[in-house]
Amino acid sequence: MNEQIAILDFGSQYTQVIARRIRECNVYSVILRYDTPAAEIAKLNPKGIILSGGPSSVYASDAPLPDKRIFGMGVPILGVCFGIQLMAHYLGGKVEKGLKREYGKGNLSVQDPSCPLFEGLPENLQIWNSHGDKITKLPKGFKAVAVSDNSPFAAIEDRSKHFYGLQFHPEVVHTPRGKELISNFVHAICGCGKDWTMANYVDQAVEAIRAQVGTERVILGLSGGVDSSVAAALLHKAIGDQLTCIFVNNGLLRAREADIVQEVFGRHFKIKLQYEDSTRIFLSRLKGILDPERKRKIIGKTFIEVFQDATKRAGKAKFLAQGTLYPDVIESVPIGGNPAAMIKSHHNVGGLPKNMKFKLVEPLKCLFKDEVRQLGAELGLPKEIIHRQPFPGPGLAVRILGEVNRGRCAILRNADAIVVEEMKSTGWYYKVWQSFAVLLPIRSVGVMGDERTYEYTIALRVVESQDGMTADWVKLPYEILERISSRIINEVTGVNRVCFDISSKPPATIEWE
């Protein structure tokens, strides 16, 4: 069992970032609800506990409060933002509403460099704040070790009990030395080693898969995306020919997608691969459908039907494998004020129905996306697979505004292939989060070869992002934009105009539908 740090989630938008930063220190982390009983936490035998930030005030009547017995577990505790205020509130200090909200960049002055949190760090640090309340009285045994512009208690400690608190957010990129602060907590204070590596994880995962599956057969829905591809490679390493992958071509795939999947997994990895060309049924059901939500629902429902039929042809199997990731299994904490509102249904096709008689195998369910990519490299998957950009479950259907049909799919697929080719040839493909083409349902007048044209418009979307939650449009060099535009207009029949989307998320979304 890996050494681990338990994170109690009080509804912060940054809780998953804390978990990822800890894992970047080669230490395993687990996110738990704020109200998880201390006895349940103790069963995990954590080396330390972190109390996350959150949108609430500790003195509010509906404040999310943890089991107070966590402070008697005898393990180091670090409170971040709301977490430091909670610690002060629970242990006899005082928290009040600040006269001035502290938000954005700030300066931290370390008053006691001997504090193990700040080992190896300068006495002046740039930090990121996001809080309105503040501590006005420290609990007995605590002292301030750092101050910020508006907080005399920006960092506090009770060194004898190994309790520490930070009023700012060390986990965000806007606190440039924050990862070192977290590293000091998990290594110097909690005493963790560095045993969380993908090489170690492969051995553990293979053993766990074999123990769960035994001699039974497993079916996996392979999409060609990063998650299902890595899951397939890991399962194949563990159980070999006991695994059968089913690849459904819904007619909404990127250029050469079906060929690439069959080449990499069927011919290179020698994985049993069942190819299902279901283009006709998907496109027939999408005929005349304009509403984005209806498109998604139709595609999701059709996929389930097609996949169910395919599993029957695949033969008897006891297990169904899915590329579920850790963010998908973390229980959301719906605390008022945190960014949990649903804007639209998820881009990926939903889960399979409960009446499918399979037991689940989810070999990636404790991993974040960047760890899945590391695992893929460890398993020998090519860069083109493990570092390919995210692609929505409904495929090109949510990049074709309006009705989806075979002709429009061909136009968009050809335009998108040019975008990918040019982004890769110039080295930009792996620098950005996503880059793709969108087919707009409008035609405009153009002139080609001295003749009037009346054809479609392609929008080019290129964004940079950390996790897809927010995104900024990328300032591509003009010569790249010019070449992409020129190639699309000259090589893709049916297009005479190319536009560049310069919207960020929010207020726009990354995908157009």
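This is a predicted model: local features need pLDDT of at least 70, side-chain atom pairs count only at pLDDT 80 or more; totals for chains, interfaces and linings use all residues.
Residues are numbered from 1 along each chain as its sequence is written, and side-chain values use heavy atoms, leaving out hydrogens and water.

**Exercise 1.** Work out how the rings of Tyr326 and Phe368 are arranged.

*Solution.* Start with the rule: rings of Phe, Tyr and Trp (its six-membered ring) pair if their centres lie within 6.5 Å; planes under 30 degrees apart are stacked, over 60 edge-to-face, and the rest tilted. By this rule there are 12 aromatic pairs. For Tyr326 and Phe368, the centres are 5.5 Å apart and the planes stand at 80 degrees, so the pair is edge-to-face. Next, check burial (buried is under 20% relative accessible area, exposed over 50%, partly exposed in between, with a 1.4 Å probe and protein chains only). Both Tyr326 and Phe368 are buried.

**Exercise 2.** Describe the pair formed by Trp473 and Phe500.

*Solution.* First the geometry: Trp473 and Phe500 are 6.0 Å centre to centre with 80 degrees between the planes, which is edge-to-face.

**Exercise 3.** Find which ring has the charged end of Arg399 over it.

*Solution.* The test asks for NZ of Lys or CZ of Arg within 6 Å of the ring centre and within 35 degrees of the ring normal. Arg399 has its charged end over the ring of Phe436, 3.7 Å from the centre. Likewise, the charged end of Lys68 sits over the ring of Tyr90, at 5.6 Å from its centre.
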